[in-house]
Structure formats: C-alpha cells, structure tokens
Amino acid sequence: MASEEPSPIENMRTQMDRAQEYAGVDQNVFERMKHPERTLEVSVPILLDDGEERVFRGYRCQFDGGRGPYKGGVRYHPSVTMEEVTALAGWMSWKNALVDLPYGGAKGGIAVETKELSRDETKRLTRRYTEGIRRMIGPQTDIPAPDMNTNPQTMAWMMDTYSVYEGHTVPQVVTGKPVEIGGTPGRVEATGRGVGIVTEQLFEHLDNSIDGATVAIQGFGNVGAWAARLLAQAGAKVVAVSDITTGLYDPDGLDVIGLAEYAGEGGALADYGGPQAEAIGNEALLTLDVDVVIPAAVANVITTEIAEDLQANVVVEAANGPTTTAADDVLIERDVPVVPDILANTGGVIVSYLEWVQNTQEYAWTLEEVNAELERRLVGTFDEVIGAYTDREIPDLRTAAFSIAIDRCARAHSYRGLFP
Ligand code: NAD
C-alpha cells in the first residue's frame, strides 16, 4: 500500500462525504451509515497435514443492512485485516444499493497465504471459518460469495458445513457455488463480463468504438482473465496483462484465450511458455500508452504518481478500491474518466443475486436468461450514473455513483426509522 494512502475505511468515508454534497441525505442517517453495524473476529485453528496445528484470524463484517440481507464475498489473502474487511463491507453496501439489489453489504476474510496450504488444509480452514461465522450468516441474514483466492469449491465447502449444522441442504446460504449444487450458469465469468459491458457502454457514451481499442489489464485471475476474453471477443486488442509474478506486453495484441486457459490452470505468467511477449512490471503496465487501463488485482495501485503518468483515455476499476482518493483528484483534473468499482465490478453480485433468487424459488434459469438480465441491470445502472453525472454536474463518475447509492440507502433507513 502506498504511504500517501489513508486507511481503506477513511478512503471510503471520504468518498461518501464527496457524494453527500450532491445526495444531501439526512445528516443523522448519513452519520449512522458511516459506521459498520457489526464485525466478528474468529480464531480459525486447523490441523496441518504434517500433524502441527496452526491458528489463523478470520473476520466477517456486516456494514449496512437497511435494504435487506447482508451480502458480500470472502477473501483469503495475507493482507486481510478487520479494517480492510470493514471497508470492503461498506463498499458492498453502496454497490448493492447502486444496482438496486435488495441487499445490505458484508465482507469476510481470513489472513492467510493459500499457496502455502494443501487442498485438504484449505478445506479444513474453510469449514472451521464457516463454523466460526455460522451464527451470523444464513439465507435470509447474510449470504457470502467468492472473492480473492476463494472459488466455487470454497463456496461448496461453506454451503456443506452450514447445511450439516442445519440438518438439511441450504444452497441459498452462499452464492458462486458449482452449478451441480445450485450454482447458476454465468456466475464464474459474471464480474469479468460486467467489466466488459461497462467498458463498452463507456466507449459508446464517449462516441468511440471498442473495436480495435487497446487494453491493459493488471491482475489476471478470475475477473481480469474473463474481462480480457470478453473484451477481445468484442473486438478490443488486449496488449498487456499481469499477475503477481510479472506482466506481459505485446503492442500487436496478446493470445488472450491461450493465456486465460494457462492462468486458469494455475500457471504463473512469469513461466508462460506461449508466444513471446515483452515482460513488463505491474506499475509500468498501468502507464502504458493504451486506450483503457483495467486494474483487476488489489487496492491502491493507482497512486498520484501513476495518475500523473497515466496515458490511457479511461480507467475501468475491476478491482475493489484500486485508485487512491488523491489519485482520483489528479484524474479528475486531467479529465480522465474512471468507471468506479461499485459500478464496474458489480456483474458478480448481480449474478449472485440471480443465483440466490433461483435457489429461493427452486428453479433454474438458462445461461442466456442470466446474461440478458445481467446486461439489462448493468446498462440501466450505467445510464443512471451517467444521468446523475451529467444532470447534476458532478465532477466524476465515482461521486455520481456514490450519490445514487447513499441516497437509496438513506431512504431505506428513513422509512424504517431508528430503533428503538
Ligand atoms: P483472483 O485471486 O482470481 O486474481 C487476482 C489476480 O491478481 C491474480 O492474477 C494475482 O496474481 C494478481 N495479483 C495479486 N496481487 C497482485 C499485486 N500485488 N499486483 C499485481 N497483481 C496481483 O481474484 P479475482 O476474483 O479476480 O479478484 C480480483 C479483484 O476483483 C479483487 O480486487 C476483488 O475484490 C475484485 N472483485 C472480484 C469479484 C469476483 O467475482 N471474483 C467481484 C467483484 C470484485
């Protein structure tokens, strides 16, 4: 994390304050919305394969429940802290409100380097963590989903553990499950698909065509790789991608499908043996002379220095919180549009919602139905954000998106009133 950067929670509150200038919600309600409702910290002791025991720290934060059951992912990463989880839970609250899902916001995580654990150890970790938070989650109270280093298998273990305690199968307690046990078609690629859709919408809004547009993507995991595939399919030229090991750059365009298949099997880009491409650092990737830069890895990578050197015409935030607030100011000053995370990466939670609806109704949709509904909701939200940005003369898309989201949340709180 760059030293200039305030903590993620301070960052989020600054974004809320900026939006409040335009939303003008009741000050008492606004103050309430700045504080997480509850956060649980759990000890997660597990037996390692070698017979030793090791204890990890796990968290689940429910930030704002004004609009419905809490919803948000579970992240496994060494950098996970209670503070980070809390800020991410706040962002989930505003994201869910922005796309008008009947959900509040939550987030969970374990501070762990998953690469150091075997599959069995990861399973035990997931089961023990689920036991730790199971009194807090539930299909009507709080519904986890995958995030960094968690996947459909992780969700299957969480669902099974919760179901064992309930005495019957409860598929709708988590989303992002394998299709065989109640997952929805289209969920795995949903976030990347959403990133592709909003990028295309932005180009249309700017009277440009995505066809032939050059794209650089930082982070080539689930979101980055799917965004790359779908943008390439739409005619864009993906010239650079990276993972934690290295970046690869080819101004003539990379073999996105080959790279995605390779990375999907766990291959590190530094060891990629496919067509030759120039190795490039993760920071250098962000300042390439391309049309679009898509950060799709970790937070706070676009610092003021990067923002000053950025050559792209637009930034689309696939990752959560990739731009620091100070860097946001530089990009506003330089007139570089940034599609904010709470709009750009909502594809995942939209399709998670569709999975939960299907589970609740015990009825399965087709991939075409899921994708059409995703696109309808995302395009509608994009238009709404552009509408607020233009009509209310808001300086940037993030503030426009936040103003819609906090207004929607505040209305729910105002109708429901303050207990007691
Ligand atoms: P992932 O674990 O599948 O992939 C992460 C990628 O980022 C990997 O390629 C990894 O090597 C790379 N990476 C990790 N640390 C890095 C660093 N310091 N510098 C450069 N690259 C680094 O994760 P994901 O699910 O693709 O999530 C990526 C981002 O998108 C996260 O910020 C996550 O919160 C956000 N997000 C994910 C979803 C989802 O549905 N998966 C939904 C919304 C937002």
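How far from an oxygen atom of the ligand does a backbone N or O atom of glycine 221 lie? The distance is 3.3 Å.

## Basis of the model

This is a predicted model, in which local features need pLDDT of at least 70, side-chain atom pairs count only at pLDDT 80 or more, and totals for chains, interfaces and linings use all residues. Residues are numbered from 1 along each chain as its sequence is written, and side-chain values use heavy atoms, with hydrogens and water left out.

## Ligand surroundings

The ligand is surrounded by 21 residues (each with a heavy atom within 4 Å of the ligand). The closest are Arg75, Thr191, Val223, Ala297 and Asn320.

Besides glycine 221, valine 223 places a backbone N or O atom 2.9 Å from an oxygen atom of the ligand. For isoleucine 244, the corresponding distance from a backbone N or O atom to a ligand oxygen atom is 2.9 Å.

Two packed helices are described by the angle between their axes and the distance between the axes. Here, axes are lines fitted to C-alpha atoms, for helices over the stretch in contact, and angles run from 0 to 180 degrees between N-to-C directions. Helices are DSSP runs of H or I with at least four residues, strands are runs of E with at least two, and both are numbered from the N terminus.

Helix α1 (residues 8-23) packs against helix α15 (residues 397-416) at an angle of about 80 degrees, with the axes 8 Å apart. The two are therefore roughly perpendicular (65 to 115 degrees). In this contact (heavy atoms within 4.5 Å), Met12, Gln15, Met16, Arg18, Ala19, Gln20, Tyr22 and Ala23 of α1 meet Arg398, Thr399, Phe402, Ser403, Ile406 and Asp407 of α15. The contact comprises 7 nonpolar, 4 polar and 3 charged residues; Ala, Val, Leu, Ile, Met, Phe, Trp, Tyr, Cys and Pro count as nonpolar, Asp, Glu, Lys and Arg as charged, and the others, Gly among them, as polar.

With helix α3 (residues 82-98), the axis of α1 crosses at roughly 25 degrees and comes within 8 Å. This makes α1 roughly parallel to α3 (under 35 degrees). Pro8, Ile9, Met12, Gln15 and Met16 of α1 meet Glu83, Glu84, Thr86, Ala87, Gly90, Trp91 and Trp94 of α3. By class, 7 of these residues are nonpolar, 3 polar and 2 charged.

## Packing of α7 and α8

Helix α7 (residues 222-233) and helix α8 (residues 256-264) pack at about 160 degrees, their axes being 10 Å apart. The pair is thus roughly antiparallel (over 145 degrees). Ala225, Ala228, Arg229 and Ala232 of α7 form the contact with Val256, Ile257, Ala260 and Glu261 of α8. Of these residues, 6 are nonpolar and 2 charged, with no polar ones.

Phenylalanine 419 and proline 420 are joined by a cis peptide bond with omega of about 5 degrees, and proline 420 lies in the segment after α15. Aspartate 207, although not a glycine, has a positive phi of about 60 degrees; its place is the loop between α6 (190-205) and β6 (214-218).

Proline 146 belongs to strand β5 (residues 142-146). Leaving aside residues up to four places away in sequence, proline 146 touches Gly73, Val74, Asn151, Met155, Thr175, Gly176 and Arg187. Between proline 146 and glutamine 311, the separation is 165 residues in sequence and 33 Å in space, C-alpha to C-alpha.

Terms used:
A polar contact is a pair of N or O atoms within 3.5 Å; within protein, one must be able to donate a hydrogen and the other to accept it, and residues adjacent in sequence count only if both atoms are side-chain atoms.
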